[in-house]
Amino acid sequence: MKTLRKVVRRSFAALVPGELVLVLCLAGGVRIPAAVLLALEPVALALVAAAITLFCLDHRRHRRDGLDRRAAFLAAIADTVPAPVRRLAAHELVLSASLLRWVFRRGSHGVRDGDLPVRYAAGQTAVMFGFLFVGVVETVALALLIPWPVVHAVTLVLDIWGCYFVLALHASCVVRPHVIGADGSLRLRYGALVDIRIPADRIASVRLERKFPESRLAAVDENGVADLAVGGQTTVTVELTEPVRYVRVLGRPAKARAFRFYADDAAPAVAALRAAGVNRTADAEGSAVADRAGNR
């Protein structure tokens with residue numbers, strides 16, 4: 001069983017580049033020999049059968065261990081599909097869903113009644129559409145200049161995917177803003193790439209502060225500060241009572257004791273977080289007074 005599981009996981013890891021090569025060959029007019037296709041079909045069927053078998057066995061095992069159906073389903077997926085493939089698939093799904101939500105104007109994701117969305121996409125709109133314009137021009141120019149069909153097909157597929165990625169990433173930034181919860185919690189996001197949740201009781205202080213960091217997105221510096229810059233700048237700094245753990249863009253875990261992020265309109269965000277902190281302090285003092293009165 002261990003050998004079968006190892007073979008299935010490695011096959012899934014090779015699935016994405018294998019599909020990309022197949023698409024490029026078909027788009028470029030490269031004729032795949034019938035013998036190769038006939039050989040690949042039983043291999044693909046055997047892989048699917050083995051993956052389904054392992055998934056069913058793992059799902060049943062997790063159900064016997066006491067997990068509900070959803071938790072058992074997710075655990076069985078984690079047992080069968082490698083983490084990089086899962087992250088890549090989830091990332092692509094979020095990008096596509098965000099693009100559809102943006103096109104059909106379905107509103108912001110993850111914003112409930114009483115929450116305050118803190119938008120940041122306007123700070124990068126010009127840059128993103130500049131990238132998109134360059135990508136479209138490059139696609140048209142290469143289509144006219146490159147005479148070789150295979151090379152033309154490869155560059156066309158890559159350029160189209162690049163244009164889609166830029167547009168979908170910007171759409172995900174529009175529909176997935178930062179969120180200040182009704183309870184004073186803070187959710188920091190950057191499109192489909194970063195999602196950090198900070199409980200209300202972890203927020204020690206917040207201030208307006210414009211910075212121009214050079215670090216990578218959500219990377220932690222030597223002082224334990226993580227930056228979520230937009231357009232090369234941040235406008236709000238949040239200090240924490242204790243560090244918060246989160247997952248960076250490529251799935252690597254990180255921990256930060258302070259966050260700097262960009263907001264299109266930073267003043268209302270800072271005011272909301274400060275008001276939530278004042279309310280928490282007042283509630284705590286009221287509870288302390290009530291406890292002392294009760295003890296008397």
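In which helix is Ala76 found? Ala76 belongs to helix α4, which spans residues 69-80. The model described here is predicted.

**Confidence**

The protein has a mean pLDDT of 82, and 78% of its residues reach 70 or more. Among its elements, strand β2 (residues 178-180) has the highest mean pLDDT, 97, and helix α2 (residues 15-27) the lowest, 54. Where pLDDT is low, the predicted coordinates should not be read in detail.

Ala76 is buried, with a relative accessible area of 0%. Leaving aside residues up to four places away in sequence, Ala76 touches Phe55, Asp58, His59 and His62. Arg61 lies 15 residues from Ala76 in sequence, and their C-alpha atoms are 8.8 Å apart.

Phe55 also takes part in one of the four aromatic pairs that the structure holds. Its partner is Phe73, and the arrangement is edge-to-face, with 5.4 Å centre to centre and 80° between the planes. This pair links distant parts of the chain, as Phe55 sits in helix α3 (residues 34-64) and Phe73 in helix α4, 18 residues apart. Phe73 counts as partly exposed, at 42% relative accessibility.

Asp58, another contact of Ala76, forms a salt bridge with Arg61. Arg61 and Asp58 are three residues apart in helix α3, so about one helical turn separates them.

**Salt bridges**

The whole structure contains 11 salt bridges.

| Arg61 | Asp58 | 3.0 Å |

The partners differ in their accessibility. Asp58 is buried at 2% relative accessible area, whereas Arg61 is partly exposed at 32%. Asp115 counts as buried at 13%, while Arg112 is exposed at 61%. Elsewhere, salt bridges with shared partners join Arg207, Glu209, Lys211, Glu239 and Arg257 into one network.

**Surface patch**

A nonpolar patch on the surface is formed by Val136, Val140, Leu144 and Leu145, which together have about 430 Å² of accessible area. Leu144 lies in helix α6 (residues 125-145). Its relative accessible area is 71%, and Leu144 therefore counts as exposed.

Definitions and conventions. Residues numbered from 1 in each chain as written. Predicted model: local features only at pLDDT ≥ 70, side-chain atom pairs only at ≥ 80, totals over all residues. Heavy atoms only, no water. Patch = residues over 30% accessible without salt bridge, like charges linked within 9 Å, V, L, I, M, F, W, Y side chains within 5 Å. Areas by Shrake-Rupley, 256 points an atom, 1.4 Å probe, with all protein chains shown as cover. Salt bridge = Lys/Arg side-chain N within 4 Å of Asp/Glu carboxyl O. Helix = DSSP H or I, 4+ residues; strand = E, 2+ residues; numbered from the N terminus. Buried < 20%, exposed > 50% of the residue type's maximum accessible area, 1.4 Å probe, protein only. Contact = heavy atoms within 4.5 Å. Phe/Tyr/Trp six-rings, centres within 6.5 Å; stacked < 30°, edge-to-face > 60°. pLDDT = per-residue confidence, 0-100.
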